[in-house]
Number of protein chains: 2
Amino acid sequence: MTITDIARATGVAPSTVSRALSRPGRVNAATRQRIEAAARELNYIPNTQARALTSGRTQTIAVLVTDVTNPFYFGIIRGTQQELKSAGYANLLIDTEDSGEVETQMLHRMRPSLDGAILAASRLSERALVNLAAEIPLVTINRNVRGVQSVMIDTPSGVAQAVEHLASLGHNDIVYVSGPEKSWPNEARWTALRNTAARHGVQAHRIGRFPAARPSGSAAADAVVNTRATACVVFNDLLAIGMLTRLRERGVRVPEDLSIVGCDDVFGADFCHPPLTTVTAPIGKAGRVAVAMLLSRLAPRTPAHAIRRQVILPTHLTIRESTGPCRLAARPIISNG
Amino acid sequence: MTITDIARATGVAPSTVSRALSRPGRVNAATRQRIEAAARELNYIPNTQARALTSGRTQTIAVLVTDVTNPFYFGIIRGTQQELKSAGYANLLIDTEDSGEVETQMLHRMRPSLDGAILAASRLSERALVNLAAEIPLVTINRNVRGVQSVMIDTPSGVAQAVEHLASLGHNDIVYVSGPEKSWPNEARWTALRNTAARHGVQAHRIGRFPAARPSGSAAADAVVNTRATACVVFNDLLAIGMLTRLRERGVRVPEDLSIVGCDDVFGADFCHPPLTTVTAPIGKAGRVAVAMLLSRLAPRTPAHAIRRQVILPTHLTIRESTGPCRLAARPIISNG
DNA sequence: AATCGGGTGGCAATCGTTTGCCATTCTTTG
DNA sequence: CAAAGAATGGCAAACGATTGCCACCCGATT
């Protein structure tokens with residue numbers, strides 16, 4: 001069923017049908033109803049491709065993640081999916097595999113079929129992002145670049161809470177386990193940790209950079225044990241969970257010998273062993289808000305002041321069982337091999 | 001940059017450019033190279049929408065899941081994503097929210113923008129599926145319908161292994177914890193369990209139907225405890241993990257008081273507490289194979305005999321720490337409240 | 001030398017929808 | 001009552017690519 005079929009059925013011109021369906025005020029109410037009835041009866045489905053060709057609007061948003069495997073992005077995907085669906089948009093999922101190049105390339109290639117894109121964890125430089133944003137409506141998640149809409153998850157303030165929590169448990173030597181190199185949030189978390197630590201008179205070191213995946217947990221765990229710190233804050237839960245299994249293998253007890261705090265509170269953080277104390281991030285909400293921001297910008301008659309440049313989402317520390325009082329004396333010394 | 005720009009730049013007709021780019025043999029080698037060079041230089045990107053309009057091919061495949069939240073589908077999404085990307089196809093993600101109606105509707109609405117669809121866990125009736133398959137190239141996962149391509153994960157044989165494993169540990173009363181009502185694999189798993197149990201002279205019951213989500217684990221756990229069985233096989237890991245936390249709350253020890261076997265071996269099954277004995281399914285592979293099957297059918301010159309109607313993927317039992325010897329006498333009787 | 005046919009390339013229609021512009025009709029308004 | 005202007009609907013040209021058909025050029029065959 002095309003618009004022309006409906007036109008024939010109702011005895012009007014195709015253009016009238018188009019207008020009746022897409023621009024309500026532009027056509028007589030009576031004719032419009034006739035057209036709408038016919039459309040319903042003939043089970044008309046507008047052809048997205050054809051529409052896109054002239055109008056440029058595709059009703060499709062791309063969601064770019066660095067790794068579909070990472071449960072953090074599950075949350076994002078879920079959030080965007082919900083919001084997009086309810087707005088009648090389609091959801092194009094793109095995995096950039098941690099490569100900024102793939103990121104730009106894909107976006108370039110798909111530009112004509114996209115109304116906009118959500119960048120969860122971009123690996124792009126600031127410049128590249130600004131350039132990209134000039135080409136295609138963009139909202140970033142956890143990436144703060146001037147002139148690009150963004151939703152920031154305020155994990156740093158959660159990390160600060162974590163440090164205070166650890167300090168109050170008597171820890172005075174905290175290690176930060178770094179995530180991947182080009183990750184912006186990684187820096188922000190470390191800075192927050194260092195500053196808060198300084199304020200409370202506790203020592204802070206950082207180790208690594210480790211890929212934010214479970215297998216890297218082994219190396220990270222070994223490295224932490226080596227530092228003789230009594231507590232650590234880890235870039236994200238995935239890595240922390242990886243550490244947990246390695247520590248168990250090595251006989252390091254959590255939290256008795258080492259307290260661990262993760263970040264994000266992803267799927268799994270509450271049922272791993274021990275359940276992880278972590279900075280809970282509103283991941284799904286971040287996805288939903290990102291979509292909402294993008295869509296409100298895309299809407300033709302949104303007044304400029306109604307477009308939010310940036311939304312900051314608060315986080316909080318969720319205390320579970322991977323953190324406990326510092327028992328320095330009780331901690332066994334373990335050879336590193 | 002459109003095809004016309006390239007035509008102008010090289011002094012040929014747009015149609016020639018089109019042919020040079022899409023149908024190599026049809027145009028003189030020399031001209032083709034000139035055109036290709038120009039295309040590269042002008043950074044030409046074919047407009048998918050326009051192409052779709054005439055040719056019908058959109059280079060887009062929809063992946064339908066019942067619940068983006070379920071880690072089982074993470075695996076599927078990941079697998080399809082990989083395979084689609086490497087084939088140059090775009091990946092449209094659709095969450096059907098467990099509703100067959102949404103399933104058909106979405107597919108209908110998007111039909112013109114889709115080359116095909118992967119149905120992971122369809123909730124549709126056999127008839128509906130066949131009808132749908134007539135409209136749009138389809139591959140189902142874990143759903144066996146005559147005339148529709150499918151990839152089946154042979155979890156039932158894994159369940160049989162699980163039953164044998166439990167029997168060898170001395171359990172002679174096994175409960176199957178049922179998944180959602182319209183789930184096809186659910187029936188298959190129960191059947192496998194019952195048959196294998198009978199062969200080994202162990203009793204088998206089924207309880208529930210529980211939604212395949214973590215929160216339902218509480219009800220499921222209570223129900224299992226009530227049966228006085230010493231071991232259970234659970235529809236999937238997600239539900240099993242939910243049960244684990246509830247059992248801990250109630251002081252039921254796993255595996256000492258109750259052995260638990262899950263299905264799928266999803267993300268989390270190896271680091272929950274205790275790590276779950278489970279039927280490991282090649283989830284990612286299922287996704288990849290599904291895409292490969294679909295794409296080979298879509299390819300214009302695939303000989304009919306090369307199109308696989310069905311692929312069955314084997315599973316195996318992964319024994320971890322949630323199963324152990326039956327110690328009936330030692331099992332405490334716990335009031336159900 | 002006339003004919004044939006493969007190899008190339010252009011013309012123009014087409015896909016389904018949108019939209020600028022014009023024509024008509026109807027309603028106001030001075 | 002005439003003129004202005006709003007409301008309504010149609011025409012036709014896009015959008016960017018694909019593709020059937022035809023024309024032309026050349027070398028080969030008879």
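Ile174(A), leaving aside its neighbours within four places in sequence, is in contact with a set of residues that includes Val163(A), Leu166(A), Leu193(A), Ala229(A) and Cys232(A), where two residues are in contact if their C-beta atoms, placed from the backbone, lie within 7 Å. This is a predicted model, in which local features need pLDDT of at least 70 and side-chain atom pairs count only at pLDDT 80 or more, while totals for chains, interfaces and linings use all residues. Residues are numbered from 1 along each chain as its sequence is written, and chains are lettered from A in the order in which they are written.

A nonpolar core is a set of buried Ala, Val, Leu, Ile, Met, Phe, Trp, Tyr and Cys residues joined through C-beta atoms within 7 Å; a residue is buried if 20 or more other C-beta atoms lie within 10 Å of its own, exposed if 12 or fewer, and partly exposed in between.

Turning to chain A as a whole, one finds 12 helices and 12 strands, these being DSSP runs numbered from the N terminus (helices H or I, at least four residues; strands E, at least two). The radius of gyration of chain A, taken over C-alpha atoms, is 25 Å, well over the 20 Å that the globule rule gives for 337 residues, so chain A is more spread out than a compact globule; the rule is 2.2 Å times the number of residues to the power 0.38. Along its principal axes, the C-alpha trace of chain A spans about 90 × 35 × 30 Å, and buried residues make up 48% of the 337 residues.

Helix H4 of chain A, residues 48-55, has Thr48(A), Gln49(A) and Ala52(A) as its buried residues. Seen down the axis of H4(A), these fall within an arc of 100°, so they line one face of the helix, the arc being that of the directions from the helix axis to the C-beta atoms. The face turned away from that buried side carries the exposed residues Thr54(A) and Ser55(A), and what covers the buried residues of H4(A) includes H4 of chain B.

The contact between the chains takes 33 residues from chain B and 33 residues from chain A. On the side of chain B that touches chain A, the largest share, 6 residues, comes from H5(B).
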